[in-house]
Amino acid sequence: MFSSSARQIFRRGSVLMDFAYCGLNCNECPVYLATISKNTDEQIKLANEYSTDIVKFSKEDMYCLGCHSDTVSQKMCGDCDIRLCGVKKPYGSCAECDKFPCSILKENLGDNSENLNHLKQLAIKHKKAE
C-alpha cells in the first residue's frame, strides 16, 4: 500500500513500526495516511474537522510520520506524555516496557480503551517471545 521509502521511517533496528507507542495503528490514522500520501486536500479537511473554538489547526499541523519519527507536529503531539516517554526508551511500543501498564498510559488512555487493549495483547506476545 505504501512505498518502502515512506515505511523506512518506522524502522527501529530490524523491526517495522506500524503502531504508535500508545498502540494506535498508524495505518488507520487519517492524519498519518494524508501525510504519507501527500494529500493536501485531506490535510486541510482534517485541520477543519479537528479545529475547535479554542484550538485552530492548519494544514501544516496535519503532518504526521508516526511517533517513531523525528518529525513531529508540535501542536498535535509535541506534548504527548506517552510519546515523550517512549522516545527515551529502546522499545517499539509501551507493551515492551517493564513498567507496562504505567500511570501515564492509564491517565491518557483510560482503563479499557482499544489502544490499551491492543497493547495488552502485544505485551502477552512480547513476554512469550522472551
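Colleague: What should I know before reading the model?
Modeller: The model is predicted: local features need pLDDT of at least 70, side-chain atom pairs count only at pLDDT 80 or more, and totals for chains, interfaces and linings use all residues. Residues are numbered from 1 along each chain as its sequence is written, and side-chain values use heavy atoms, with hydrogens and water left out.

Colleague: Which residues of α3 are buried?
Modeller: Gln-43, Leu-46 and Ala-47 are buried in α3, residues 40-50. Buried means under 20% relative accessible area and exposed over 50%, with a 1.4 Å probe and protein chains only; helices are DSSP runs of H or I, at least four residues.

Colleague: Why do they line one face?
Modeller: Seen down the axis of α3, the buried residues fall within an arc of 105°, so they line one face of the helix. The arc is taken from the directions from the helix axis to the C-beta atoms.

Colleague: And what is exposed on the other side?
Modeller: Asp-41 and Asn-48 are exposed there.

Colleague: What covers the buried residues?
Modeller: The cover includes α2 (30-36), where contact means heavy atoms within 4.5 Å.

Colleague: Changing topic, which residues lie nearest the centre of the largest pocket?
Modeller: Ala-20, Cys-22, Leu-24, Cys-67 and Cys-77 do, out of 22 lining residues. A pocket is an open set of points on a 1 Å grid where a 1.4 Å probe fits, with protein on both sides within 12 Å along at least five of seven lines; lining residues have an atom within 4 Å of a point.

Colleague: Which helix supplies the largest share of that lining?
Modeller: α2 does, with three residues.

How values were computed: Helices (H or I, at least four residues) and strands (E, at least two) are DSSP runs, numbered from the N terminus.
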